Amino acid sequence: MKIAVLGVGQMGYLLGRRLCEAGHTVHAWNRTRLKADQLAPFGATIHAEATDAVRTADIVICLLENGPAVNEVLFVGQVAQALKAEALVIDFSSIQPSEARDHAARLSALGISHLDAPMSGGTLGAEQGTLAIMVGGKPAAFSRAEAIFQVFGRATHVGPHGAGQLAKLANQMIVGITIGAVAEALLLCEKGGAKMAKVKEAISGGFADSRILQVHGQRMVERDFAPYGRMSIQHNDLRNALATAKEIGFDAPVTEMFEKLYRDGIEHGLGDLDQSALFVELASRNGINGVKDLL
């Protein structure tokens, strides 16, 4: 298929590369062209304008920072008007459900199909093709996109437009809150005199075990906060969750607490680190020395 990739950051690069390697014809655009140029060695055609990247595309993949960025590219930047009839837009960006529904309606008025398809699994999942993809939209559009989803991982159709974003918010609430629980528990043990690595080993396999404990907990043990998934992105997801909760009249006190913790960490200079760096924010609050020295 002819596929346009709009947004070539960390995830855009990895997914674009997988598409090229799977034999698809890829046209790529990024606001900063140097990032898009990374896909050229894999066979992608790089464009200076997003409208040029999408003109012949059967499927357009968006991997942009947030809802306003998607709106800016699709509608203000005239990409929607440049799409050929019956093209399919798959928005992998993490945005608010209400934004996804709005984008779908505006594209439908132009004869363009839309799926909101946020992902979980980070750069590791993108590299390995093991992403969990939560998809909202019409079943026919989902069926049409399944071959593309299979290049990236496992996709589940969870409901109408916006439902994919709701599922992603649920995912990120669980991830963000669990990272905090793991960080706080390991720091309690360290301050009390136990060895963090041994505590993690001891509770592995029990009810407290999880992928968060194994992956992010290990990063905390090793003080490895390289940005696999940035604090700033996790914070944005929690903000979106709270905005959606307010919109539908849902009280989310646990998410509110963790949104503030991540916000505090970002204000203290941790925004570009991995989301597991919430550990650093909590360590600092508890006067545990040596953590920031290792960043």
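Me: Where is the place of arginine 223?

Reply: Arginine 223 sits in the loop between α11 (211–222) and α12, where helices are DSSP runs of H or I with at least four residues and strands are runs of E with at least two, numbered from the N terminus. The model is a predicted one, in which local features need pLDDT of at least 70, side-chain atom pairs count only at pLDDT 80 or more, and totals for chains, interfaces and linings use all residues. Residues are numbered from 1 along each chain as its sequence is written, and side-chain values use heavy atoms, with hydrogens and water left out.

Me: Why is arginine 223 called buried?

Reply: Buried means under 20% relative accessible area, exposed means over 50%, and partly exposed is what lies in between, with a 1.4 Å probe and protein chains only. Arginine 223 has a relative accessible area of 18%, so it is buried. Its phi is positive, about 55°, although the residue is not a glycine.

Me: What makes glutamate 86 count as exposed or buried?

Reply: The relative accessible area of glutamate 86 is 60%, and therefore it is exposed. Glutamate 86 belongs to the loop between α5 (79–82) and β5, and its phi, near 70°, is a positive value in a residue other than glycine.

Me: Why does histidine 235 count as buried, and with which residues is it in contact?

Reply: Histidine 235 is at 9% relative accessibility, and so counts as buried. Leaving aside neighbours within four places in sequence, its contacts (heavy atoms within 4.5 Å) are Glu259, Tyr262, Arg263 and Ile266. Histidine 235 lies in helix α12 (residues 231–248), whose buried residues include Met231, Asn236, Leu238 and Leu242. The buried residues of α12 pack against α6, α9 (163–192), α13 (253–270) and α14 (278–285).

Me: How do you know that the span of α12 is close to the expected one?

Reply: The expected span of a helix is 1.5 Å times one less than its number of residues. With 18 residues, α12 reaches 26 Å from its first C-alpha to its last, close to the 26 Å expected. After α12 comes glycine 249, whose phi is positive, near 75°.

Me: Why is arginine 219 called buried, whereas asparagine 66 is called partly exposed?

Reply: Arginine 219 has a relative accessible area of 13%, so it is buried, whereas asparagine 66, at 22% relative accessibility, therefore counts as partly exposed. Arginine 219 is in helix α11 and, not counting residues up to four places away in sequence, touches Asp224, Phe225, Tyr228, Asp274 and Ser276. Asparagine 66 is in the loop between β4 and α4 (67–76), and, with its neighbours within four places in sequence left aside, it is in contact with Ser94, Ile95 and Asn236.

Me: What makes the second largest pocket a pocket, and how much space lies in it?

Reply: On a 1 Å grid over the protein atoms alone, a cavity is a set of points where a 1.4 Å probe fits but cannot get out, whereas a pocket is an open set with protein on both sides within 12 Å along at least five of seven lines; lining residues have an atom within 4 Å of a point. The elements that give two or more residues to its lining are α6 (97–108), β6 (113–116) and α8 (139–152), and α6 gives the most, with three residues.

Me: How are the residues of this lining divided into nonpolar, polar and charged?

Reply: Ala, Val, Leu, Ile, Met, Phe, Trp, Tyr, Cys and Pro count as nonpolar, Asp, Glu, Lys and Arg as charged, and the others, Gly among them, as polar. The lining of the second largest pocket divides into five nonpolar, five polar and one charged; among its residues are Ala104, Ile112, His114 and Lys138.

Me: What makes a set of residues a nonpolar core, and which members of the largest one touch the most others?

Reply: A nonpolar core is a set of buried Ala, Val, Leu, Ile, Met, Phe, Trp, Tyr and Cys residues joined through side-chain atoms within 4.5 Å. Of the 34 residues in the largest nonpolar core, Leu19, Ile61, Ile90, Phe92, Ile133, Phe149 and Phe152 touch the most other members. The largest share of this core, seven residues, is from α8. Isoleucine 90, with neighbours within four places in sequence left aside, is in contact with residues including Ile59, Ile61, Leu115 and Phe149.
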